[in-house]
Amino acid sequence: MITNDIFYVGVNDKTLDLFEGQYVIPNGIAYNSYVIMDDAIAIMDTVDKRKTGEYLENLEKVLGGRTPDYLVISHLEPDHASSIQALVEKYPGIKLVSNAKAFQMLPQFSPGDLGETIVVKEGDTLELGHHTLTFVMAPMVHWPEVMMTYDREAKVLFSADAFGKFGSLDAKEPWDDEARRYYFNIVGKYGTQVQAVLKKAAALDIGIICPLHGPVLKETIGHVLELYKTWSSYEAESKGVFIGYASLHGNTAEAARKLAGILEAKGCKDVAVMDLARCDGAKALENAFRYDRMVLAASSYNGGVVPCMEDFLHHLKGKGFQKRTVGLMENGAWAPSAVKTMKEILSQMKDVTVVEPVVTIRGAVKESDEAALEQLAESLM
C-alpha cells in the first residue's frame, strides 16, 4: 500500500540475468505497477510478459472484484508494456490512456485490438473521483513517447523509468549505487531532457515518487532530486580517481595498481581500480561518471589499443561523457599506439582535458617508469 487508496501490484524478477540484454543484475529487477482505487480505477502501467501471470494475480487481489476503468501507459518499453494485451483481454472494457506518440508506437508491441483509447497531452487531466491525474510529457527520458503522471491530491509522481534502479525490491543494497549504475547506462545520454523534466518536477508538490523500477521514494526525495541534477548536468558527484586498465600480460595492470598506490599516498582518498576486460562494464561506466578524474591505462594492440578499452571509450562517448580530467598510460614493447587511439576517441567528447605527462611503458614496469607515474599522479592531484 502506497497510500490509503494507491496500491502496489508489481513483481520482482530474479530470473533475469541481463537487463536489456546487456546489464548484469545480480539482484534481479522489479517491474512496478500501481493501482489508484477511486470512483473510477486507474492502473499505472503493466509489467514484463515474463511475469504477466503473477502480475494479474496481484492486480485481482487489490481490485477485490471491481473492474478497472483506465490503464495509463507511461511508455512502450516491453518491460512495462508487454502485458497490455493480456490485461485488455482480462478486462475488455478498460480504456487506454497515453499520448499520441505512444499510440503510434503501440501496434509495434501489441498488434491486436486494444479497445478504446484516450489521447492526452501536456497538462491534460483525468478525473477519477477524489483523485485528479495530470500528465507531464517527458520525451527521451529515455524513450520518445515517455510521459509521467502527477496525482495532485495524493502528491504522488508516477515517474516512468526516472528515479528507478536495478535490483528487486527485497535487495539489500544502497539505493545510490544501483540507481547511479542504472541512470548512466540507461538514461545517461539524455541529460538535457532529464533537466527539462526536473524543471517541471520543481513546480509540483511531490510527497511520493513511484518509479517503474526500484522502491517507492518518500523521505529521500530531496536527496534523489539533487543527485539527478548532478548526474544530468554531467558534473562529478564525488572527488576521486577512477582507473580503468586493459592489460595483455599483466604489466599494464601492475602500472595501474602502482599509480593507485601513489595517488593514495598523496592523499587521494577515493581511488577505484577496475580491469576493463573482466569487470562489469556498466559499473566501470558508472565510476567514470561518478568521479571527477579518470586514468585510462592500456596495452597497445594491432596498431591501436586493446579492444575492451576501445569499446569502453565508445560507450563513454555514447553516454555523453564530458567535463572530466583524464590521465593516459600506454604499454608497448616496440611500437606504443594505445595513447594515440585513446586520444582520438576522447577528442570527440566535450570538455575532456588530458593531463601531462602521458606515460609510456615498454614491457615490464621498471624503476625508471615510477618517476613518470609520480608525475602523472601529481598532475591529477
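Trainee: How far apart are the mean positions of the positive and negative charges of the chain?
Mentor: This is a predicted model, where local features need pLDDT of at least 70, side-chain atom pairs count only at pLDDT 80 or more, and totals for chains, interfaces and linings use all residues. Residues are numbered from 1 along each chain as its sequence is written, and side-chain values use heavy atoms, leaving out hydrogens and water. Lys and Arg count as positive, Asp and Glu as negative, while His and the chain ends are not counted; each charge is placed at NZ of Lys, CZ of Arg, CG of Asp or CD of Glu. For the 39 positive and 52 negative charges, the mean positions are separated by 4 Å.

Trainee: How are the rings of Phe19 and Phe166 arranged?
Mentor: Rings of Phe, Tyr and Trp (its six-membered ring) pair if their centres lie within 6.5 Å; planes under 30 degrees apart are stacked, over 60 edge-to-face and the rest tilted. The centres of Phe19 and Phe166 are 5.5 Å apart and their planes stand at 70 degrees, so the pair is edge-to-face.

Trainee: Are Phe19 and Phe166 buried or exposed?
Mentor: Buried means under 20% relative accessible area, exposed over 50%, and partly exposed in between (1.4 Å probe, protein chains only). Phe19 has 3% relative accessibility and Phe166 has 0%. Phe19 therefore counts as buried, and Phe166 likewise counts as buried.

Trainee: What share of the residues of the chain count as buried?
Mentor: The chain has 381 residues. Of these, the share that count as buried is 57%.
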